[in-house]
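Here are my notes on this structure, as numbered points. Please read them with the structure open.

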Amino acid sequence: MPGLKNTLAPLSIDSLSSDGSGVGRLDGKAVFVPGTAPGDEITVRIVKDLDRYAFGIVEELRVPGAGHIQPDCPAYRPCGGCCFRHLDYSVEARAKEGFAADAFRRLGGFADLPVLPLLAGPLTDRYRNKVQFPVGYDRDGNVTFGFYAGRSHRLVPCRDCLLQPKPLNDIAAAVCDFLQKHHIPLYREDAHQGLVRHIFLRQGWHSGQVLLCLVVNGRSLPRGDRFCAEMVTRFPQIQTIVLNVNTRKTNVITGEECIPLFGPGFIEDTLCGVPVKLGPLSFYQVNTPAAELLYGVAREFAALRPEDTLLDLYCGMGTIGLSMAVDCRALMGVEIVPEAVESARANAAAMGVENARFFCADAGRAATRLAEEGLAPQVICLDPPRKGCDEATLNAVLAMAPRRVVMVSCNVATAARDCRFLADRGYLPVKVQPVDLFPRTKHVECVVLLCRAGDRDAG
């Protein structure tokens with residue numbers, strides 16, 4: 001086939017890929033085009049041509065598909081975070097159901113596995129409880145905030161990100177005004193000079209409390225007392241102001257040290273009735289209402305009995321396990337991050353939960369040791385990172401022979417892979433519930449129930 005690069009051609013968009021691009025076919029080759037919707041008739045310009053597929057950009061939208069809508073954010077295209085903001089949400093939801101079903105069918109080999117309709121939270125905008133804004137200068141030399149364009153560190157100003165609660169955007173704007181007024185230098189990545197790198201904000205969804213954190217290339221903030229006084233006066237929901245120290249030449253946003261300038265250094269909230277304390281370094285689900293739906297599904301799939309022991313691997317701050325502690329005799333949680341384990345223990349104490357123990361260890365090693373010691377939990381919950389579970393963890397799960405395994409995953413591809421591993425060794429997936437924790441983006445999470453082959457308790 002002759003090269004297609006720089007070709008201008010008509011193209012019909014038939015479907016969506018899991019990276020958020022529309023997909024059409026040109027001369028038998030799949031062409032991936034960002035910002036398009038099924039049913040779009042476009043003129044495409046091919047910008048990259050590979051052996052089996054190509055990438056293009058829209059030269060002209062000749063006929064929009066039925067689900068193609070006008071994006072409502074001026075930063076939509078250069079930012080790229082909301083890759084589905086040009087779609088009616090019903091189209092996005094169907095696509096995400098398809099991503100989950102395709103992963104389990106194509107990557108896992110589960111042709112007949114029931115994939116339930118997507119479970120969505122109550123909000124498609126303003127749902128995030130955390131944001132990390134890089135700061136920089138706009139074309140007029142004014143301090144501003146926004147996001148980096150895809151695959152770059154070029155700042156795209158965005159004064160009102162529609163995924164963030166408006167008060168968080170307003171606070172970030174006020175911070176930039178203060179930095180501008182008092183000539184506080186911003187960090188320059190190329191020279192590794194300057195001070196302020198990011199504005200980091202958290203909001204307790206139920207409590208309304210706000211944490212304001214500046215990530216800085218140093219250990220102090222000029223006019224820090226005045227900064228705190230102005231911010232708290234203007235935004236009384238701010239409960240604490242923190243400096244996060246990051247003096248490394250790195251793309252990692254936060255450093256390991258936090259210095260409170262005002263308040264205790266954390267905020268408080270609840271998730272599924274579990275009280276939590278959130279600092280800048282705490283891992284926490286960013287969409288609280290949807291996370292509560294997700295954890296509710298996990299609890300339903302676990303179907304715990306009063307005599308059961310629940311093992312919660314990759315337990316983080318313990319929120320999933322603690323939300324089920326009332327249903328079982330004993331809860332054991334394993335997490336590799338020491339601060340998270342301390343939080344889990346504190347959360348259990350605050351709830352008055354006395355049947356829970358939390359251990360700081362690698363999930364795979366801990367699970368292997370527990371299996372060797374003869375621990376026999378009736379239910380195991382897995383909530384691994386995006387890379388999924390390692391084989392040591394999965395083999396230990398098999399050795400403990402639970403009645404049920406509940407897998408909570410932020411990556412349907414690795415979930416399908418791990419379910420294949422378990423299925424080949426006697427634990428079959430029974431059903432999959434996709435959950436949309438990140439509307440308007442390409443991400444979709446899922447909860448999977450697995451039971452021993454032939455077990456009548458598979459429902």
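1. Start with Ala 401. Ala 401 is partly exposed, with a relative accessible area of 36%. Here buried means under 20% relative accessible area, exposed over 50%, and partly exposed in between (1.4 Å probe, protein chains only). Ala 401 sits in the loop between H9 and S20. Its phi is positive, about 50°, although Ala 401 is not a glycine. Most residues other than glycine have a negative phi.

2. A word on the source. This is a predicted model, in which local features need pLDDT of at least 70 and side-chain atom pairs count only at pLDDT 80 or more, while totals for chains, interfaces and linings use all residues. Residues are numbered from 1 along each chain as its sequence is written, and side-chain values use heavy atoms, with hydrogens and water left out. Helices (H or I, at least four residues) and strands (E, at least two) are DSSP runs, numbered from the N terminus.

3. Helix H9 spans residues 391-400. Which of its residues are buried? They are Thr 393, Leu 394, Ala 396, Val 397, Leu 398 and Met 400. These buried residues pack against three helices and strands on the list that includes helix H8 (363-372), helix H10 (412-423) and strand S20 (404-409). Strands S16 (309-313), S19 (379-382) and S21 (427-436) are also packed against by the buried residues of H9. Contact means heavy atoms within 4.5 Å.

4. Arg 223 is another residue to check. Arg 223 has a positive phi of about 55° and is not a glycine. Its place is in the loop between strand S11 (210-216) and helix H4 (224-234).

5. The largest nonpolar core has 93 residues. Such a core is a set of buried Ala, Val, Leu, Ile, Met, Phe, Trp, Tyr and Cys residues joined through side-chain atoms within 4.5 Å. Helix H3 (residues 166-181) gives the largest share of this core, 9 residues. Ile 199, Leu 201 and Leu 212 have the most contacts inside the core. Leaving out residues up to four places away in sequence, Leu 212 touches residues including Ile 171, Val 175, Phe 227 and Met 231. Another core, of 48 residues, lies apart from it, with Val 91, Phe 110, Ala 423 and Val 432 among them.

6. S1 and S2 pair in the antiparallel sense over 3 bridges; two strands pair if DSSP finds at least two bridges between them. Val 23 in S2 is the bridge partner of Ser 15. The hairpin has 5 residues between the strands, and there Gly 20 takes a positive phi near 95°. Strand S2 (residues 22-26) is mostly covered, with 4 of its 5 residues buried.

7. S2 also pairs with strand S3 (residues 29-33), antiparallel, over 5 bridges. Arg 25 stands opposite Ala 30 in S3. This hairpin has 2 residues between the strands, and Asp 27 takes a positive phi near 55°.8. Last, the second largest pocket. Its volume is about 500 Å³. On a 1 Å grid over the protein atoms alone, a pocket is an open set of points where a 1.4 Å probe fits, with protein on both sides within 12 Å along at least five of seven lines; lining residues have an atom within 4 Å of a point. The lining has 21 residues, and Ser 17, Ser 18, Asp 19, Asp 102 and Arg 106 lie nearest the centre. H2 gives the largest share, 6 residues.

Conventions
Grid points are joined across faces, edges and corners, and a volume is the space filled by probe spheres set on the points.
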